[in-house]
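Work through the exercises below with the structure in view. Try each task before you read its solution.

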Amino acid sequence: MAKVIEGLYYSESHEFVKVVGNIGYIGITDYAQHALGNVVYVDMPDVDDDIEIDDDFGAIESVKAASDLKAPVSGKVIEVNESLEDEPGLLNKDAYENWIVKVELSDTAELKNLMDAKAYEEFCAE
């Protein structure tokens, strides 16, 4: 069973959001990295880009497949995880520790559309 962490928000497309104040750390879930296999490349937006909920904001390539990253929330990108440019495999080591982008949330009400840990575990078990 993939690791699911309490206190995070989860999307049906297997991204997570960790919220600290009005900042959201967005990454892929442990379930997603297991499904992808060895990650070899992460395409990330630029700092100051605006991302909109449900829009693609990047992509992940693995030895198995390529997958678009869908924004679970809207906001302005304030930082990208530059470590992933040189070591995309960090997502396989710990998907939750190695977030992809940090955004300033534009509407915290959007978080209500996401799943909590229990709901996400049930969703993954279907």
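**Exercise 1: A strand and its partners**

Val17 stands opposite Ile26 in β3. The model is predicted.

Task: Find which strands pair with β3, and in which sense.

Solution. 
- Step 1. Strand β2 (residues 15-20) runs antiparallel to β3, and six bridges join them.
- Step 2. Look at the connection. β2 and β3 form a hairpin with two residues between them. Gly21 sits in that turn and has a positive phi of about 65°.
- Step 3. Turn to Gly24. Its bridge partner in β9 is Val103. Strand β9 (residues 101-105) pairs with β3 over four bridges, also in the antiparallel sense.

**Exercise 2: Covered faces**

Task: Decide whether the residues on the two faces of β3 are buried or exposed.

Solution. 
- Step 1. Take one side: Ile23, Tyr25 and Gly27 are buried.
- Step 2. Six of the six residues of β3 are buried.
- Step 3. The charged end of Lys18 sits over its ring, 5.8 Å from the centre.

**Exercise 3: Rings around Tyr10**

Task: Classify the pairs that Tyr10 forms with Tyr96 and with Tyr120.

Solution. 
- Step 1. Count the aromatic pairs: there are five.
- Step 2. For Tyr10 and Tyr96, the ring centres are 6.4 Å apart and the planes are at 90°, so this pair is edge-to-face.
- Step 3. Tyr10 is in strand β1 (residues 9-10), while Tyr96 is in the loop between α3 (90-93) and β9. They are 86 residues apart.
- Step 4. Tyr10 and Tyr120 are stacked, with 4.5 Å centre to centre and 10° between the planes.
- Step 5. Tyr120 belongs to helix α4 (residues 117-125) and Tyr10 to β1, so the pair ties together parts that are 110 residues apart in sequence.
- Step 6. Check burial. Tyr10 and Tyr96 are both buried. Tyr120 counts as buried at 1% relative accessibility.
- Step 7. Gather the rings. Tyr10, Phe16, Tyr96, Tyr120 and Phe123 form one aromatic cluster.

How values were computed
Residues numbered from 1 in each chain as written. Predicted model: local features only at pLDDT ≥ 70, side-chain atom pairs only at ≥ 80, totals over all residues. Heavy atoms only, no water. Buried < 20%, exposed > 50% of the residue type's maximum accessible area, 1.4 Å probe, protein only. Pairing = 2+ DSSP bridges. Phe/Tyr/Trp six-rings, centres within 6.5 Å; stacked < 30°, edge-to-face > 60°. Lys NZ or Arg CZ within 6 Å of the ring centre and 35° of its normal.
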